[in-house]
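We will go through it together, one place at a time.

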Amino acid sequence: MEKIFKELDELEFELPSWAFSDAGTRFAVFHEEGAARNVFERIEDAALVHELTGCCPSVALHIPWDRVENWEELKEFVEEKGLRIGAINPNLFQDPDYKYGSLTNPSEKIRKKAIAHVMECVDIAVKTGSKIISLWLADGTDYPGQDDFRSRKKRLEESLKYIYENMPEDMYLFIEYKFFEPTFYHTDIPDWGTSYLLSEKLGERALVLVDLGHHAQGANIEYIVATLLSERKLGGFHLNNRKYADDDLTIASINPYEVFLIFKEIAFAWKDPELSDFAKKVVLMFDQAHITKPKILAMIQSVVMAQELFVKALLIDRRRLREAQEKCDVVEAEEILMDAFRTDVRPLLRENRKRKNLPEDPIKVFREGHYMEKRRRERR
Ligand code: PSV
Ligand code: MN
């Protein structure tokens with residue numbers, strides 16, 4: 001238990017500011033009474049999640065959604081709340097100019113505009129003490145012949161090279177992939193292989209970001225994670241759960257076993273002396289849109305769920321598993337995984353929280369507290 005407690009001290013999650021404000025489907029945005037209306041309120045909500053769970057000390061920002069005039073003031077506010085600013089996410093998907101692409105756009109003027117926006121985000125990262133720019137592109141085409149694939153690839157590589165070479169030397173560039181949407185004929189960064197290729201060409205501080213929602217049905221995400229870890233090219237995650245496509249449902253709501261198997265790869269890398277330092281830097285960020293669940297509660301539920309699944313992954317008996325694998329004892333190997341997966345780790349997590357003076361059951365404390373009433377009163 002003490003060993004797990006030590007490992008739990010190192011298990012941190014990053015919260016997305018955007019999960020605390022109104023979100024919607026393709027068809028409508030739904031309002032939640034008391035939901036955060038601006039970046040300061042989003043930080044307050046993230047701070048509450050951290051206060052109740054004790055393991056979410058950083059919050060990712062999305063620009064321009066979280067843009068302020070005075071970044072020093074925001075940084076101070078974040079620190080006062082006991083948090084730090086995590087990844088800065090440029091937005092290259094809402095400006096009408098990007099209809100035919102941002103960093104890949106045929107127009108040099110628009111490419112320059114997109115690069116300038118990313119460089120603004122680099123500047124914000126410097127001002128707020130963040131070390132990560134997390135890039136996702138909506139770039140792609142809808143129809144055959146719309147643009148030339150190889151020209152787009154070249155433009156993308158050139159744009160990224162400019163950004164990478166002009167970032168401070170201690171800053172990381174995460175490149176996220178998504179196999180479709182909003183374009184449907186082709187996507188410029190559709191899979192981990194393309195993200196890998198681009199980041200490999202850029203250099204050591206360019207890494208792949210795996211959003212769990214951005215894969216085709218049946219994709220083996222844990223294998224992708226293992227491959228990227230072994231190549232030291234995994235930067236971070238956007239944790240969520242997918243049913244059909246990028247639904248951004250709360251983590252493990254559909255398939256907890258899949259998340260357990262993904263976390264197994266990270267937990268094993270944590271314990272591998274050659275990979276441990278690298279693996280512990282992999283950022284476990286959430287990227288979820290809470291529409292049917294109350295936002296703060298959904299986030300607390302996600303954090304608790306992610307902690308449980310990570311602890312289960314830490315419990316796997318690696319020595320026995322290796323022995324079973326060497327003997328090609330497939331049933332025994334799977335049983336060893338299932339032993340850990342079936343273990344009820346909730347008492348252990350409750351004890352851990354008690355020792356840290358945290359609520360033993362953060363979901364219950366939030367539900368029974370008056371956190372939302374206060375917010376509904378103040379955020380009319
Ligand atoms: C795109 O679907 C994405 O996963 C990217 O990470 C964006 O930054 C985020 O969602 C916006 O909600
Ligand atoms: Mn994402």
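**A walk through the model**

A252 lies in the loop between β11 and α8, where helices (H or I, at least four residues) and strands (E, at least two) are DSSP runs numbered from the N terminus. Before going further, a word on conventions: this is a predicted model, in which local features need pLDDT of at least 70, side-chain atom pairs count only at pLDDT 80 or more, and totals for chains, interfaces and linings use all residues. Residues are numbered from 1 along each chain as its sequence is written, chains are lettered from A and ligands numbered from 1 in the order in which they are written, and side-chain values use heavy atoms, with hydrogens and water left out.

Most residues other than glycine have a negative phi, and most peptide bonds are trans. A252 has a phi near 65°, a positive value in a residue other than glycine. With a relative accessible area of 2%, A252 is buried (buried means under 20% relative accessible area, exposed over 50%, and partly exposed in between, with a 1.4 Å probe and protein chains only). D248 is also found in the loop between β11 and α8, and its phi is near 60°, again positive in a residue other than glycine. The relative accessible area of D248 is 13%, so this residue is buried.

Peptide bonds deserve a look as well. The bond from I63 to P64 is cis, with omega near 15°, and P64 sits in the loop between β4 (58-63) and α3 (71-80). E181 and P182 are likewise joined by a cis peptide bond, with omega about 5°. P182 belongs to the loop between β8 (172-176) and β9 (186-187).

Now to the metal. Which residues coordinate the manganese ion (ligand 2)? They are E176 (OE), D211 (OD), H238 (ND1) and D287 (OD), at 2.1 to 2.2 Å. Donors here are N, O and S atoms within 2.8 Å of the metal (3.2 Å for Na, K and Ca), and water is not among the atoms, so sites may look incomplete. Along the sequence, the donor residues follow the spacing E-x34-D-x26-H-x48-D. One pair links distant parts of the chain: H238 in strand β11 (residues 234-239) and D287 in the loop between β12 (283-286) and α10 (295-314) are 49 residues apart. Both H238 and D287 are buried.

Why is the arrangement around the manganese ion (ligand 2) octahedral? Its 6 donor atoms subtend angles of 71 to 165°, and this makes the arrangement octahedral. Under the scheme used, six donors count as octahedral, and four as square planar, if opposite donors are over 155 degrees apart and all others between 65 and 115; four count as tetrahedral if all angles lie between 85 and 135 degrees, and anything else is irregular.

Helix packing comes next. Two packed helices are described by the angle between their axes and the distance between the axes. The axes of α10 and helix α13 (residues 346-355) come within 10 Å and cross at roughly 115°; axes are lines fitted to C-alpha atoms, for helices over the stretch in contact, and angles run from 0 to 180 degrees between N-to-C directions. α10 and α13 are therefore roughly perpendicular to each other (angles under 35 degrees count as roughly parallel, over 145 as roughly antiparallel, 65 to 115 as roughly perpendicular and the rest as oblique). On the α10 side, V304, Q307, E308 and V311 meet R346, L348, L349 and R353 of α13, contact meaning heavy atoms within 4.5 Å.

For another pair, turn to helix α4 (residues 108-128) and helix α5 (residues 149-165), whose axes come within 10 Å and cross at roughly 35°. R111, I115, V118 and M119 of α4 make the contact with R155, S159, Y162 and I163 of α5.

Let us finish with two single residues. G140 lies in strand β7 (residues 140-141) and is buried, with a relative accessible area of 4%. Leaving aside neighbours within four places in sequence, G140 is in contact with Q146, R152, T183, H186, T187 and D188. V225, in helix α7 (residues 221-230), is buried with a relative accessible area of 0%. Beyond its neighbours within four places in sequence, V225 is in contact with L234, F237, I262, E265 and I266.
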